[in-house]
Amino acid sequence: MRRKLAVAFGLGTTALLAMSGTAFAQSDAPTVKTVDEAVKTLGTQTNLLWVVIGAVLVIFMQAGFALVETGFCRAKHAAHVVSTNFAIFGLGFVGYFLVGYAFMFGGYSTSLIGYNHAVGSSLIGSGQWVFLWKGGFALGDIGKSGGAAVAGFFLYMVAFMDTTATIPTGAMAERWKWNAFVGWGVFCGAVYYPLFGAWTWGGGWLAQVGNSMHLGLGYVDFAGSGVVHAVGGVAGLAGALVLGPRIGKYNRDGSSNTLPGHHIPMAMLGCFILLFGWFGFNAASTLAATDIQFAMVATNTALAAAFGATSAMFWVMWRWGKPDPGMMVNGMLAGLVAITAPCAFVDPWAAALIGALAGVLVVFAAVFIDTKLHVDDPVGAIAVHGVCGTFGVLCIGLFSNGHYGAGWNLTTEGSAAAKGVTGIFYGMNPGLGQLGAQALGAVVIWTVILGVAYAFFKIQNAVMKGGIRPPAEMEIAGMDMPEMGALAYPEFMEADVLVAHAGGSPTNETVSL
């Protein structure tokens, strides 16, 4: 038996070697060129996988937003609030797929992931002054540009869009009609988000002010402090202004009442989920696993989150004697939002400082918006995303060290292009120009983009029967049953819901649930 096995093994080995020899004889020997092409192909494929993984992480952030916003709101509205966070994913996705992506990225391409040619061209404007793009509507005709690479990039970008779309669901929570919300979701994905995105990430006029106005490397925003967060924050402000404050939020003398959220542990868990997903948000924005700067980006992201939460905690303890769990959450989120734009361009010490400053800034902003402006924001979204997002945009013009991003936005001439993205703390030239580009972008967000959002909500409020806000009795009783047909917590019915159904007048205690 052993002899037979040995013979069989020898015959098999001989046959294998013979076939291998034939194969080698029929193929060309590897050359420097073919090996180089194979390595480049592998790098491109790895980069595309990196982008898709990043997209999955950012999509998972939707769960974090749902938990944070629902936890910060009252129990009687919980099913409504969490449903807006759930539904916004699909609503925005549909709008962005049909037209939004084409408006924003019709003229975009990147060889890093095999997206070698733009799907379309300019729709409004030309050269360095493009205001809207066309091409890739419903992802049609993407084969010539990279096919799967375009689809993968779309998946990543649609996840960013949904972050912008969901920010107003927090600022406008507890008093927003469902049908009005649905209109916002589609509008945001189709028109609102792509506008500023086309001017910046899509290669439009703001990205080109380095070429057209000699302002640094043009508007730079690595992962979206402005493009995503500030744009969402000003939309939340616009919506909150049109809706007005919740019933019981302000007294006749203008003083503010606290309407506490019902589930702080839920909100804190959501914050940690957001922290986890944020590494896909920021680090994967290199669009290349072969670009090891992603390690710096990830570290800077974690540093800003940690310092933001800690500085907010200590600041609140110093001001009011005790740490506020809600402010710790918003402190961490503020640090994350602020570092999102400069995360690839700053040193770790600067990331820590940006996070610490954002953690204090968000406390000041939230209090000012609430007590001075009398804008009711149940979750602090305007302070976190609008104010701290703008701060992050400006930080690029302050703290960028010039080591990364040479030729950003295709800027190829002048002293700005000789270095990477540079802030004024590393040289007034080109730092001052870069700060100017960032400031210009911030002004556009707080004027033009805010105006677009405000106009949308005002028009919607005028044309919808009864406006975009529910009747007072519905708001007082809770929007879960009237709007959603289901209660998040059925065991709470005996308090406010049963009183409302019986035709009684809820007491102060039931209103606060």
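This text leads the reader through a predicted model, from its overall make-up to single residues.

Residues are numbered from 1 along each chain as its sequence is written. Because the model is predicted, local features need pLDDT of at least 70 and side-chain atom pairs count only at pLDDT 80 or more, whereas totals for chains, interfaces and linings use all residues; side-chain values use heavy atoms, with hydrogens and water left out.

The chain has 18 helices and 2 strands; these are DSSP runs numbered from the N terminus, with helices (H or I) of at least four residues and strands (E) of at least two. Of its 513 residues, 53% count as buried, where buried means under 20% relative accessible area, exposed means over 50%, and partly exposed lies in between (1.4 Å probe, protein chains only). The accessible surface of the chain comes to about 21,200 Å², and 69% of that area belongs to carbon and sulfur atoms. These areas come from the Shrake-Rupley method with a 1.4 Å probe, and for residues only the protein chains shown count as cover. Among contacts (heavy atoms within 4.5 Å) between residues at least 6 apart in sequence, 78% join residues at least 24 apart.

The interior can be considered next. In soluble globular proteins, nonpolar side chains tend to be buried together. A nonpolar core is here a set of buried Ala, Val, Leu, Ile, Met, Phe, Trp, Tyr and Cys residues joined through side-chain atoms within 4.5 Å. The largest such core holds 137 residues, of which Tyr96, Trp184, Tyr192, Tyr193 and Phe196 touch the most other members. Helix α4 supplies the largest share of this core, 13 residues. Leaving aside residues up to four places away in sequence, Tyr192 touches Thr164, Trp184, Phe187, Val231, Val234, Ala235, Ile449, Val452 and Ala453.

Helix α7 (225–243) is largely enclosed by the rest of the structure, because 18 of its 19 residues are buried. At 1.5 Å a residue, α7 should span 27 Å, and its end C-alpha atoms are 26 Å apart, which agrees; the expected span is 1.5 Å times one less than the number of residues. After α7 comes Gly244, with a positive phi near 85°.

Strand β1 (residues 121–126) pairs with β2 in the antiparallel sense over 5 bridges, pairing being assigned if DSSP finds at least two bridges between two strands. Within this pairing, Gly125 has Val130 of β2 as its bridge partner. The hairpin leaves 2 residues between β1 and β2, and Gly127 in the turn has a positive phi of about 60°.

Most residues other than glycine have a negative phi, and most peptide bonds are trans. Ala138, however, has a positive phi of about 55°, and Asp141 has a positive phi near 60°. Ala138 is partly exposed, with a relative accessible area of 33%, while Asp141 is exposed at 54%. A cis peptide bond joins Asn429 to Pro430, with omega near 15°; Pro430 is in helix α14 (residues 428–463).

Charged side chains complete the account. A salt bridge is a side-chain nitrogen of Lys or Arg within 4 Å of a carboxyl oxygen of Asp or Glu, and by this rule the count comes to 7. Asp141 forms one with Lys144, the closest N and O atoms being 3.5 Å apart, and Lys144 is exposed at 52% relative accessible area. A further salt bridge joins Asp370 to Lys249, with the closest N and O atoms 3.6 Å apart. Asp370 lies in helix α11 (residues 348–371) and Lys249 in the loop between α7 and α8 (264–282), so the pair ties together parts that are 121 residues apart in sequence. Both Asp370 and Lys249 are buried.

Asp36 and Lys40 also form a salt bridge, the closest N and O atoms being 3.5 Å apart. Both lie in helix α2 (residues 32–72), 4 residues apart, about one turn of the helix. An α-helix has 3.6 residues a turn, so residues three or four places apart point the same way. Asp36 is partly exposed at 36% relative accessibility, and Lys40 is exposed at 54%. Finally, a network of salt bridges links Arg74, Glu174, Arg246 and Asp376.
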